[in-house]
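Morning, everyone. Let me put the model up, and then I'll walk through a few local features.

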Amino acid sequence: MIKKKNQLLLGILLPLLLLPPSQPAPHHACDNTNPKTTQFPFCNTSLPYHVRATDFVSRLTLQEKTEQLINSAAGIPRLGLPDYEWWSEALHGISNSGLGVHFHDPIPAATIFPAVILSAASFNVSLWYKMGEAVSTEGRAMYNLGQAGLTFWSPNVNVFRDPRWGRGQETPGEDPMVVSLYAVNYVRGLQEVGKEGNFDADRLKVSSCCKHYTAYDVDSWKGIDRFHFDAKVTLQDLEDTYQPPFKSCVEEGHVSSVMCSYNRVNGVPTCADPELLKGVIRDKWGLDGYIVSDCDSVMVYHEKMHFSETPEDAVALALKAGLNKNCGFYLSNYTKNAVELGKVEESVVNQALVYNYLVLMRLGFFDGDPAILPFGKLGASDVCSDDHQLLALDAAKQGIVLLHNNGFLPLSPNTTKTLAVIGPNANATDAMLSSYAGVPCQYTSPLQGLQKYVSAVSYEKGCANVNCSDDTLIDRAAGIAAMADATVLVVGHDQSIEAEDLDRVNLTLPGFQEKLVMEVAMAAKRTVILVVMSAGPIDISFVKNVSKIGGILWIGYPGQAGGDALSQVIFGDYNPGGRSPFTWYPQEYVDQVAMTDMNMRPNTTSNFPGRTYRFYTGKPLYQFGHGLSYSTFYRFIKSGPTTVLVHLLPKMDRTNIAYSKYPTMPNLNADNQAIDISAINCKNLSIDVVIGVKNAGKTDGTNVVLAFWKPPRSGVRGAPRMELVGFERVEVKRGKTEMVGMKLDVCGRVSNVDEQGKRKLVMGLHTFVVGSSSEQQARHHVNFRLGETESQAPLVGISLAQGIRHVA
């Protein structure tokens with residue numbers, strides 16, 4: 001009986017097996033070859049997007065609607081809608097971390113740029129934009145070949161608040177302004193259609209997503225994880241530290257998606273908070289796009305936080321709060337019941353879906369065959385192109401930070417006949433890629449890069465891996481250092497030390513790495529160049545008095561071209577100009593401060609020293625913005641206003657401001673009096689400054705000009721010690737001087753946030769400092785005064801020369 005059944009099955013299956021392989025399902029809606037579906041209004045490209053999206057949603061059953069609320073959205077054959085995976089990643093290159101990207105022929109790899117923390121160290125907004133352009137081109141090419149989606153849940157725009165955070169490598173650093181400008185430029189590079197598509201701003205090349213909203217920067221630390229953590233955040237810290245990057249993403253970058261995070265903020269899960277989602281992102285900032293949950297976060301706040309009584313309550317809370325898309329399964333499993341039980345109106349579900357599908361409409365997903373649309377000709381040759389790989393190399397070089405130099409760098413290939421290359425990261429490949437990386441086009445490890453300059457290279461790991469749990473390999477490493485003209489020692493971390501769901505507990509080198517450094521330095525015949533490969537700061541104060549260590553470089557996680565970038569810096573083919581995007585704290589800092597303390601500002605009563613360069617009162621190893629060069633640069637302020645007149649908005653006269661809204665401020669022109677910016681005419685209120693940069697060295701180079709603002713010490717309680725308000729990276733030939741223009745937004749940058757979360761502009765004398773604390777600085781003072789009449793135009797300062805670049 002069993003034999004006959006098998007024969008019958010074989011007779012049925014054999015003809016099927018002999019059929020040619022089926023073609024993949026179309027990865028777009030409104031197939032031009034299907035007359036039944038192209039007649040729908042949602043396929044009519046002459047109609048407005050919102051009309052088309054509303055028409056599409058109106059044709060869905062409630063069950064179909066729930067299946068469209070999750071990342072792995074089911075297809076609807078009767079409407080010609082294929083399955084679509086919303087979750088793709090593009091943090092610093094196309095990544096297969098999400099479910100939407102697949103590497104195989106014809107595209108087996110993509111360009112992997114440096115970790116964001118290193119690219120941020122370039123302080124180069126045009127580089128960040130170009131990176132976004134390159135990544136979106138590769139994303140579109142992969143979409144055309146069915147290997148990726150069009151919705152990329154990147155970038156990470158959380159502030160790197162605590163040096164132990166495992167995901168600090170994904171962020172642009174600790175300064176809210178730098179994070180904001182990185183976000184705006186990378187998002188625009190990803191999304192903007194540009195000349196190739198010749199469409200207006202509504203069209204999208206790919207869709208970007210700013211995450212993780214908000215106050216999210218604890219993953220797993222001493223038994224506390226992100227699935228249970230409640231971030232207690234003051235209104236002051238929320239407004240001036242945690243929120244600005246997201247606000248900039250939406251208002252300036254025009255991002256098409258924002259992702260809410262796992263954690264709670266002041267007791268409420270972010271994905272269930274109507275004030276944070278609908279109130280701020282949608283209504284206040286004006287998001288033109290959809291809000292998506294971090295993966296399974298709706299399930300997390302029900303099952304782990306026990307914030308809701310039932311799963312139906314959980315999805316109702318999320319939808320009514322303003323969530324539109326669930327990475328996970330909760331909304332598909334429980335929304336239908338929630339509607340039928342009356343916990344959420346079906347109209348709320350409809351609106352969520354309209355927001356989702358408006359984005360796919362803007363991407364051209366409902367416009368028919370992608371091959372005949374803009375970007376439809378992109379293919380395998382546009383991925384891992386020479387231009388993109390050179391850009392990845394350039395990004396790594398621009399970000400590398402020269403922390404210390406006794407004059408031994410750069411090394412000369414003419415006099416360095418033998419080279420010892422040592423360390424657990426000396427021949428790193430995967431470690432260079434950081435997290436959320438895909439498959440790289442190729443690798444160049446530090447060892448491979450250095451071998452291009454010196455033929456006689458000896459290599460020893462010194463440690464079996466970065467954990468360096470035994471010291472048995474150190475003697476062999478010291479032995480080759482004793483015989484070489486120079487030694488390059490590459491230490492630090494990888495994803496086994498700092499990563500998503502893995503925060504550090506200290507700032508020291510892992511295991512016996514410190515011993516490796518000291519013994520190699522003591523044994524070395526000549527100078528040792530110490531290279532630190534890590535995302536966050538490491539306490540390397542133990543090397544400060546070691547004379548054999550002639551130079552120290554921080555290289556973050558430098559991406560696929562990391563070895564070439566490092567070797568070109570070490571041997572002088574590239575003059576380093578990167579600046580540290582974070583503060584290098586001593587180990588004592590983390591012994592003193594709990595990672596879960598979200599406060600930014602110092603508190604003398606609790607002996608809390610504050611966080612980041614803006615508030616930290618201790619002595620760091622290296623300051624935020626520190627970075628040396630092989631050249632010597634001098635900066636001077638060529639022009640800038642000494643007085644700025646501030647004007648109130650119409651109907652906001654002095655009497656109303658002083659005695660009604662601000663009863664404690666009878667004299668608004670008195671020094672240190674604070675005026676709410678909502679009462680000020682902020683339009684065109686800026687400070688224009690021209691800064692001269694002279695290269696007095698013997699080498700061409702780039703200099704990152706940093707402009708800091710020191711607020712008046714009184715006027716607003718909790719004001720930062722200083723704050724970055726502008727920066728520009730400028731190339732200066734040896735012996736030459738270049739002029740750099742900065743336009744400083746007064747209301748946006750030169751204002752303080754008070755304890756109620758309101759921005760205030762303080763009258764009186766303000767100090768601006770050009771240059772970090774480790775370099776020659778120039779100072780300029782500006783006096784803010786209230787204008788006599790509303791009709792007077794704000795004083796903008798001395799006009800900039802034509803062609804000078806501006807930094808907002």
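I'll start with Ser434. Ser434 sits in the loop between helix H17 (430–433) and helix H18 (446–450). Helices here are DSSP runs of H or I with at least four residues, strands are runs of E with at least two, and both are numbered from the N terminus. Ser434 has a positive phi of about 70°, although it is not a glycine. Its relative accessibility is 9%, so Ser434 counts as buried. The cut-offs: buried is under 20% relative accessible area, exposed is over 50%, and partly exposed is in between, with a 1.4 Å probe and protein chains only.

Ground rules next. This is a predicted model, where local features need pLDDT of at least 70, side-chain atom pairs count only at pLDDT 80 or more, and totals for chains, interfaces and linings use all residues. Residues are numbered from 1 along each chain as its sequence is written, and side-chain values use heavy atoms, with hydrogens and water left out.

Back to the backbone. Asp296 is not a glycine either, and its phi is positive, about 70°. Asp296 lies in the loop between strand S10 (290–293) and helix H12 (297–303). With a relative accessible area of 27%, Asp296 is partly exposed.

Now cis peptides. The bond from Lys211 to His212 is cis, with omega near 0°. His212 belongs to strand S3. The bond from Leu409 to Pro410 is cis as well, again with omega near 0°. Pro410 is in the loop between strand S11 (401–405) and strand S12 (418–422).

On to salt bridges. The rule is a side-chain nitrogen of Lys or Arg within 4 Å of a carboxyl oxygen of Asp or Glu. How many salt bridges does this rule give? The count is 37.

Take Asp217 and Arg161. Their side chains form a salt bridge at 2.7 Å, N to O. Asp217 is in the loop between strand S3 (210–213) and strand S4 (220–221), and Arg161 is in the loop between helix H6 (125–144) and helix H7 (176–191), so the pair ties together parts that are 56 residues apart in sequence. Buried or exposed? Asp217 counts as buried, at 2% relative accessibility. Arg161 is buried too, with a relative accessible area of 0%.

Next, Arg611 and Asp162. The closest N and O atoms in this salt bridge are 2.8 Å apart. Arg611 is in the loop between helix H22 (587–592) and helix H23 (612–615), and Asp162 is in the loop between H6 and H7, so this pair ties together parts that are 449 residues apart in sequence. Both Arg611 and Asp162 are buried.

Then Lys733 with Asp700. That salt bridge has its closest N and O atoms 3.8 Å apart. Lys733 lies in the loop between strand S22 (723–732) and strand S23 (737–745), and Asp700 lies in the loop between strand S20 (686–695) and strand S21 (701–710), so the pair ties together parts that are 33 residues apart in sequence. Lys733 is partly exposed, at 42% relative accessible area. Asp700 is partly exposed, at 34%. There is also a network: salt bridges with shared partners join Arg167, Glu170, Asp219, Arg226 and Glu500.

Last topic, helix packing. Axes are lines fitted to C-alpha atoms, for helices over the stretch in contact, and angles run from 0 to 180 degrees between N-to-C directions. Helix H3 (residues 49–58) packs on helix H15 (residues 346–362) at about 125°, with axes 8 Å apart. H3 and H15 are therefore oblique to each other. For the classes: under 35 degrees is roughly parallel, over 145 roughly antiparallel, 65 to 115 roughly perpendicular, and the rest oblique.

Who touches whom? Contact means heavy atoms within 4.5 Å. From H3 the contact includes Tyr49, Phe56 and Val57, and from H15 it includes Leu353, Tyr357 and Met361.

Compare helix H9 (residues 235–242) and helix H10 (residues 244–251). Their axes come within 6 Å and cross at roughly 50°. H9 and H10 are therefore oblique to each other. The contact uses Leu238, Glu239, Asp240, Thr241 and Tyr242 of H9, with Pro244, Pro245 and Phe246 of H10.

That's my set. Questions, please.
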